[in-house]
Amino acid sequence: MNIIEINHLTKTYGHARGIVDVSFQVKEGEIFGFIGPNGAGKSTTIRTLLALIHPTSGSAKIFGKDCIDFAPDIAKEIGYLPSEVFYYDNMKVSDLLKYAASFYKKDCRTRMKELVEIMELDTTKKIDDLSLGNKKKVGIVQGLLHEPKLIILDEPTSGLDPLMQQRFFDLLIEENKKGATILFSSHILGEVQRLCDRVAIIKEGKIVTVEKISNLRENNYKKIKIEADNASDNAFVSIAGVNNLNVDGNLISFIFKGDINTVMTKIADMEITNIWIEEPDLEEIFMHYYESED
Amino acid sequence: MNIFMHEIKAYRKSTFVWTLSLIAIVVLFMSMFPAISRDIIEFQKLLEGFPEPVRKALGLEVENFGTILGFYSYMFVYITLCGAIQAMHIGTSIVSKEVRDKTADFLLTKPVSRTKILTAKLLAALTTIVMTNIVFFIGTTIMIAQVQTQSYSTKNFILISLTLFFLQVIFLTLGIIVSIIFPTIKSVLTVSLGTVFSFFIIGLLVSTTGDGGKRYLSPFKYFDQAYIIENASYETSFVLVGMGIVIISLGTSYIIYMKKDI
């Protein structure tokens, strides 16, 4: 079942581009990554899903209901963490969390307490006195305290130290195991790579591709580096799929895409001292999407 | 209900301060009344020395000045000015602060419709104004009881005092629609002060010419105290225009707020 269904969503701000003809689906129980550089349209898409802004054309459904027409109804089961968190400055953390909880018709106190402990949040402080990272923690707690079925995160990790980031990710994985679907927008590939099952790549307001993370990598790019006494590139020049071939002293390195066996047989014929075969990280693969259309 | 309570808490302090200021004005003016009413003949001569347009602009009714209600009406001009600023300020800030402080993302992603949000905020603002008026009314009644020398029409006193509430409602809804049409107002106080003073000055100018039709230009002139004292009622046409402003402002505010991008 699709939790989110976006159909040809377009949003323009006057003459400025927002997003153009964006379509993708997020299935129940998925952790779905939404990747693109700053200004590509990630937040515009998310804000439309949350009915904060209205689409110019196209539509989106969440839980099978139109996201604009049924916004208050849908919001009962959504937890949202914006990229920049702003709360009522002169409120105490505990009051803000109570205010947030008061919008949901269920008792959130137990879960709130658990979350506050996990995130090590001091609830007696005023929002105004909190650091950016601590405000973010307030955002996380207030976004998750009602145990939402859909968690929407817009660049959630900025401002969190690595330890808290790890706890936050563990928390998300735990929520996901309990059945929550997660839409995770980011421009940091590493975190998407760690968490997500599938990913939509957005560039200049348009979706470039929607892929499984595993597929992206299994596109069979390998980074191969060989150390040999009498290194020469002769053996590899002729092989189709070899790119970025480089010989430096007794080191040969290249990126290979294709049937790995053809390279392996060549290497088997050589007298080598060392070999490294690595997965290129997503960053290198994504660059391919960003460069290709220019 | 939670939004309503949240807003009431947020405006508790400022409402308290505004109410206190209104009462301070009443106390200040009313404490002068015994002295003035004692020497009213001298005072009336002095007032007559002012050119007529100035007297009209300042709302000085020479004949009534020595009576408690006449004096109250004169003072009431400053009460309404103060009250209008309070109402306009709360109206402009109560919706726009969410955008300015960027808390709109928090509030508008909660399971509550925009209609309910606006209604809760409107009711909260109305409540603070009602509270202000109740306290003001009680305070003024006590103060007048202290200084009065002869009996006065309670009905007329109530009618005059109630116009503070009506005027505040008009400026409250004006504030709300301004803040919804121009959501990125940087300084709420500047906008509210500017609007209120503009209308106030228009009101002063209109009084000097004494032209009936021009009175529609300034809400400050919708409730003429001299007329109220004389007829023990309001002028229907101005009441209707006042209601019209409130209804149109509110209706438009709701329609725009529903469709707005945050």
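In this predicted model, A:Asp21 is found in strand S2 of chain A, which covers residues 16–27. The phi angle of A:Asp21 is near 50°, a positive value in a residue other than glycine. Most residues other than glycine have a negative phi. A:Asp21 is partly exposed, because 13 other C-beta atoms lie within 10 Å, and a residue counts as exposed at 12 or fewer and as buried at 20 or more.

A:Ala51 also has a positive phi, of about 65°, although it is not a glycine. A:Ala51 lies in the loop between helix H1 (42–49) and strand S4 (57–62) of chain A. With 24 C-beta neighbours inside 10 Å, A:Ala51 counts as buried. The table sets out the two residues.

| Residue | Phi | C-beta atoms within 10 Å |
|---|---|---|
| A:Asp21 | near 50° | 13 other C-beta atoms |
| A:Ala51 | about 65° | 24 C-beta neighbours |

Chain A also contains an open sheet of 6 strands, in the order S6-S7-S8-S3-S9-S10, with mixed pairing. Strands S6 and S10 (206–212) of chain A stand at the edges; each has a single partner strand, so one side of each is left without a neighbour in the sheet. From one strand to the next, the twist averages 15°. S6(A) and strand S7 (residues 150–154) of chain A run parallel and are joined by 4 bridges. One residue pairing concerns A:Ile78, whose bridge partner in S7(A) is A:Leu150.

Leaving aside residues up to four places away in sequence, A:Ile62 touches A:Ile3, A:Ile4, A:Leu49, A:Cys67, A:Ile74 and A:Leu150.

Finally, the two chains touch each other. Their contact takes 17 residues from chain A and 16 residues from chain B. On the side of chain A that touches chain B, the elements that give two or more residues are helix H2 (71–75) and strand S6 (78–81) of chain A. The residues of this side divide into 14 nonpolar, 2 polar and 1 charged.

Technical notes
Residues are numbered from 1 along each chain as its sequence is written. Chains are lettered from A and ligands numbered from 1 in the order in which they are written. This is a predicted model: local features need pLDDT of at least 70, side-chain atom pairs count only at pLDDT 80 or more; totals for chains, interfaces and linings use all residues. Two residues are in contact if their C-beta atoms, placed from the backbone, lie within 7 Å. Ala, Val, Leu, Ile, Met, Phe, Trp, Tyr, Cys and Pro count as nonpolar, Asp, Glu, Lys and Arg as charged, and the others, Gly among them, as polar. Two strands pair if DSSP finds at least two bridges between them. Axes are lines fitted to C-alpha atoms, for helices over the stretch in contact, and angles run from 0 to 180 degrees between N-to-C directions.
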